[in-house]
Amino acid sequence: MFRNNYDNDSVTFSPQGRIFQIEYAGEAVKQGSVVVGIASKTHVGLFAVKRNAEELSSYQKKLFEIDEHTAIAIAGLTSDARVLSNFMKQQCLGHRLTYGRPMPIHTLVGQIGEKAQINTQVYGKRPYGVGLLVAGVDENGPHLFEFQPSGMTEEMVAFAIGARSQMARTYLERNIESFADCSKEELVKHGLRALKESLVQDKELTVENTSVGLVGLKEGPNGRPSVEPFKLYDGFETKEWIESVSESQGGEGEGEGEGEGETAAAGDGDGMEVDS
Amino acid sequence: MDHRPQAWGRPRDDVYGAYDHSYMQENGPKQNTQQPIVTGTSVIGIKFKDGVVIAADNLASYGSLARFTDVKRLRPFADSSILGFSGDISDMQYLDRHLTELSLSEAYESPDKPRLNAANLHRYLSKLLYNRRSKFDPLWNHLLVGGLDDNGEPFLAAADLLGSTYSAPSLATGFGAMLAQPIMRRYVPDEESAKKLTREEAVDIVKEAMKVLFYRDARSLDTYSLAVVTKDGVELKEDEKLENQSWAFADRIKGYGTQTV
Amino acid sequence: MAAMFSQNPLMNGPNYSFSDAPKTARGEPREHAFNPYTDNGGSTLAISGADFTIMAGDTRHTSGYSINSRMSPKVFKIGGTTANQDDATIVLSVCGFAADGEALRDRLDTICKIYRYRHGKPMSLNACAKRLSTILYQKRFFPYYTHAMLGGLDDEGKGAVYSYDPVGSYEREQCRAGGAAGSLIMPFLDNQVNFKNQYIPGSGEGHDLKERERRTLSRPQVETIVKDAFDGAVERHIEVGDTLQMLIITKEGIEEVFLPLKKD
């Protein structure tokens, strides 16, 4: 039987130049439920579908506030995400303390990128099994970053990670032109529609399983932009939004039966404790 | 007379007394700064409606000796803020190197526009000074930071070797707090009057105050640096001369020196 | 002859390999010239009412006889979710060495923020009060040189004031004045807030005198007392003056008021 000899640790290259453990960590991200992020000129929105391991259990949180001006959405191992989120919270507090300003998003993402990269180059360590979307605003405006277990980070206009996220990405690609000038409300609608694309056939967005998070800039006291702190919308706060997209969705009539992608990801709560 | 090389350049004990070893111990417990050595005197600063004017003379004294007469004590940061140092010159130079590093890493993160504004910089430096004083290893400086704050308003604040911080429409360190500050406060008693002050007026006030400092502060020089910070950047002139000096008043001062009448 | 260059250790006879503690030219041990503390003057005052607390302080910042700044507040909101502390419920006042005061404020605020991350709710006033005590005591042998006070509403919604010494001893009190003019204001407070030495005129002689009935004070009454207390302190203490900063904590939130004081 074929056995892969190059996946015993996260520091050894295969002869094809791959590091399998990192790729496997990437798979963990794909098993987490889908999260979407979209940036406009003034706001960034994070959108997530929460999963419950079983009927009786509660829904696992997907969006976390890091500081008043930044937040993350997670897909993958929640426990690994908690380590990263605690680290990011500490860095943001420390930065505020020493410089008296919010941590620039690029700097923050750079720090977790570096932290994750170390895990791929030091023997005996394991890559983080979680992918993040980091949303935030700083003096250069709103930003959305993608973070992968490999330590890769990249700025995005809009992105989705997690199970069946390809559908959401396709939706985002189709609408990319419209995001920049979106209002908050329009951003939410795009976000929720993208989420819907990635749902399994008989699953719906409900007030229980949907999370929306928004952070942005607003008009400050003397005409200068000031931070509109991150706000998380859960439960009934999302009701109207969900209803509004369920109607318009019917109008657009996009119900293609997406076949692939379902195979690996669809199963709820299989094997490993993966996100949610 | 001892002509061995070890003795070259050393003050003779029979003339000057034995060397005080407490100043320089080659081995023994590590000693932190107990006093400044080469020092710069006052720095003064004033806010006006679009920014800040700040000035300091170019002298570095060694005790009462005017040791270095071309030392620039104003330092721009990222072309958006200005720092004025008084106190120990070597600690100033240490901070200067440190700030160069900081501004490089900032510029690397965000090449398009400076992001650490004067308010951020002031907070950073005051934390640095406070940390050092808490280690009983102070950086012996009293500094002024001028520039713009988060809202683009003029910003002027001081930080000292203890980590104390304060901000006012006009500020002065050292002797300047006694001599220059009363003059400047006559023009800008509060923030409202600083909002009305023009750039030209502010520069004139600072020049006038620098003149008084030169008249009355024995450790001062008539060559000085003057910087104006606005939203357009820092304009720094490092070779200003005091103009229209008048020593006529000196005749009227009695009770000092060799005067007999 | 060569012995005149006495810094050559070999010529000075046997010695320790390290030199002794610093000595002055006269051979006396030289004192450390660096003093890590200073006093920045100013005064603070806190009074708790039935359903409110008022925390007040002047805004003068001094070094010796110099006024560094006329607007340097020493009463701070603590534990809000954002940097501008809009939703804060607790107020800290610090008097003494201002740099230590601000370091203490930053420390406590960070701790409140981390508490919120961990527990998903704001810190209660009495938890915060206890924590402040431990923070101060942690630096028992290099203290924060401040007279701290913490004010807010307790779990029942009643006004509460906690006052501290520099090393963390604390007590919940009705009212307290601290800082430079603390000893000037406190007796006034005893009389006006706790009705000490107030008797009903003509109600008797000596021990038969009847005490005036003690009443809880309303918010406008307390505001007047605070202003009067500071007007008095400004008159008699050079380190107090410029502006009175008053933070009124009620269940609706925190209201901030600035009133002018004498600037002389």
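1. The model under discussion is predicted, and the predictor gives the complex as a whole an ipTM of 0.85 together with a pTM of 0.86. For chain C, the mean pLDDT is 91, with 90% of the residues in that chain reaching 70 or more.

2. Between chain A and chain B, the model places 14 residues of chain A in contact with 16 residues of chain B. The area buried between these two chains is about 1300 Å², and carbon and sulfur atoms give 40% of that area. On the side of chain A, the residues that lose the most area to chain B are Tyr99(A), Arg101(A) and Asn140(A), which together account for 40% of what that side buries.

3. How many salt bridges does the rule find across the interface of chain A and chain B? The rule finds one, and a salt bridge joins the side chains of Arg101(A) and Glu106(B), with a distance of 2.9 Å from N to O. Polar contacts across this interface number seven residue pairs, counted where both residues are at pLDDT 80 or more.

4. As to which elements of chain A contribute, helix H2 (78-99) and helix H3 (105-118) are those that give two or more residues to the side touching chain B. The largest share of that side comes from H2(A), which supplies four residues. Sorted by class, the side of chain A that touches chain B is made up of three nonpolar, six polar and five charged residues.

5. Is Ser220(B) buried or exposed? Ser220(B) counts as buried because its relative accessible area is 11%, which falls under the 20% cut-off.

6. A polar atom of the Ser220(B) side chain lies 2.7 Å from the backbone oxygen of Asp217(B). Once neighbours within four places in sequence are left aside, Ser220(B) is in contact with Leu213(B) and Phe214(B), and also with Thr41(B), Asp57(B) and Leu59(B).

Key:
Residues numbered from 1 in each chain as written. Chains lettered and ligands numbered in written order. Heavy atoms only, no water. Contact = heavy atoms within 4.5 Å. Buried area = accessible area lost by both parts, 1.4 Å probe. Salt bridge = Lys/Arg side-chain N within 4 Å of Asp/Glu carboxyl O. Polar contact = N/O pair within 3.5 Å; in protein donor to acceptor, adjacent residues only side chain to side chain. Nonpolar A, V, L, I, M, F, W, Y, C, P; charged D, E, K, R; others polar. pLDDT = per-residue confidence, 0-100. Buried < 20%, exposed > 50% of the residue type's maximum accessible area, 1.4 Å probe, protein only.
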